[in-house]
Amino acid sequence: MTTPTYDRKEQFQQIQSGLLAGEQIIAVYDAVGTGTGFIGLTDRRVIIQDRSFVGKRYAITSIPYSKITSVSVVSNKSWGGSFFSTGAIAINVGSQTYEVEFRGAEKSHHVHNVILHHIS
């Protein structure tokens with residue numbers, strides 16, 4: 001097993017406290033922008049902290065890989081540059097889309113590849 005990657009220890013610990021028996025953390029990345037606090041990847045699911053609820057409430061949403069229909073690289077630039085020139089991804093689950101923006105394209109690349117590995 002490899003050592004999990006994470007940005008902030010408190011986010012890692014929050015994911016760790018909710019693991020199922022035998023579940024392993026792959027990575028926990030801090031998100032930027034409004035709405036999303038962080039994204040966690042385990043060997044079983046994607047975990048997203050959504051801070052967009054009214055009244056300073058938030059949700060921790062668990063998405064089994066089997067429910068994810070696609071993962072996209074989100075960019076406001078043309079495709080002339082690098083495929084992962086942006087630090088944002090979109091995860092489609094049925095009719096719901098979760099968009100997560102990161103500090104750095106390497107994190108979006110890692111998240112995209114882990115999710116794609118589990119859904120293909």
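Predicted model: local features only at pLDDT ≥ 70, side-chain atom pairs only at ≥ 80, totals over all residues.
**Entry 1: Asp30**

I started with Asp30 and listed its contacts: leaving aside neighbours within four places in sequence, Asp30 is in contact with Asp7, Arg8, Gln11, Gly37, Phe38, Glu101, Phe102 and Arg103. Contact here means heavy atoms within 4.5 Å. Residues are numbered from 1 along each chain as its sequence is written, and side-chain values use heavy atoms, with hydrogens and water left out.

Asp30 sits in strand β2. Helices (H or I, at least four residues) and strands (E, at least two) are DSSP runs, numbered from the N terminus. Is Asp30 buried or exposed? I found a relative accessible area of 9%, so Asp30 is buried; the cut-offs are under 20% for buried, over 50% for exposed, and partly exposed in between (1.4 Å probe, protein chains only).

Next I looked up polar contacts of the Asp30 side chain. One goes to the side chain of Gln11, at 2.8 Å. Another, of 2.6 Å, joins Asp30 to the side chain of Arg103. For the record, a polar contact is a pair of N or O atoms within 3.5 Å; within protein, one must be able to donate a hydrogen and the other to accept it, and residues adjacent in sequence count only if both atoms are side-chain atoms.

**Entry 2: aromatic rings**

How many aromatic pairs does the structure hold? I got two. Rings of Phe, Tyr and Trp (its six-membered ring) pair if their centres lie within 6.5 Å; planes under 30 degrees apart count as stacked, over 60 as edge-to-face and the rest as tilted.

Tyr6 and Phe12 have ring centres 4.7 Å apart and planes at 25 degrees, so I logged that pair as stacked. Tyr6 is partly exposed at 37% relative accessible area, while Phe12 counts as buried at 12%.

For Tyr29 and Phe102, the centres are 6.1 Å apart and the planes stand at 80 degrees, so this pair is edge-to-face. It links distant parts of the chain: Tyr29 is in strand β2 and Phe102 in the loop between β8 and α2, 73 residues apart. Both Tyr29 and Phe102 are buried.

**Entry 3: the five-stranded sheet**

I then traced an open sheet of five strands, ordered β1-β2-β3-β4-β5, with mixed pairing. β1 (5–6) and β5 (59–64) are at the edges with a single partner strand each, so one side of each has no neighbour in the sheet. Two strands pair if DSSP finds at least two bridges between them. Strand β4 (residues 45–50) runs antiparallel to β5, joined by six bridges, and Val46 stands opposite Ile63 there.

Helix α1 (residues 9–17) lies across β1, β2 (25–30), β3 (36–42), β4 and β5, at about 135 degrees to β2. α2 packs on this sheet too, touching β2, β3 and β4, with its direction at about 140 degrees to that of β2. Axes are lines fitted to C-alpha atoms, for helices over the stretch in contact, and angles run from 0 to 180 degrees between N-to-C directions.

**Entry 4: the three-stranded sheet**

Another open sheet has three strands in the order β6-β7-β8, with antiparallel pairing. Its edge strands, β6 (70–74) and β8 (96–101), each pair on one side only. The twist averages 20 degrees from one strand to the next. Six bridges join β7 (residues 88–93) to β8, and Asn92 faces Thr97 in β8. I also found helix α2 (residues 105–119) lying across β6 and β7, at about 160 degrees to β6.
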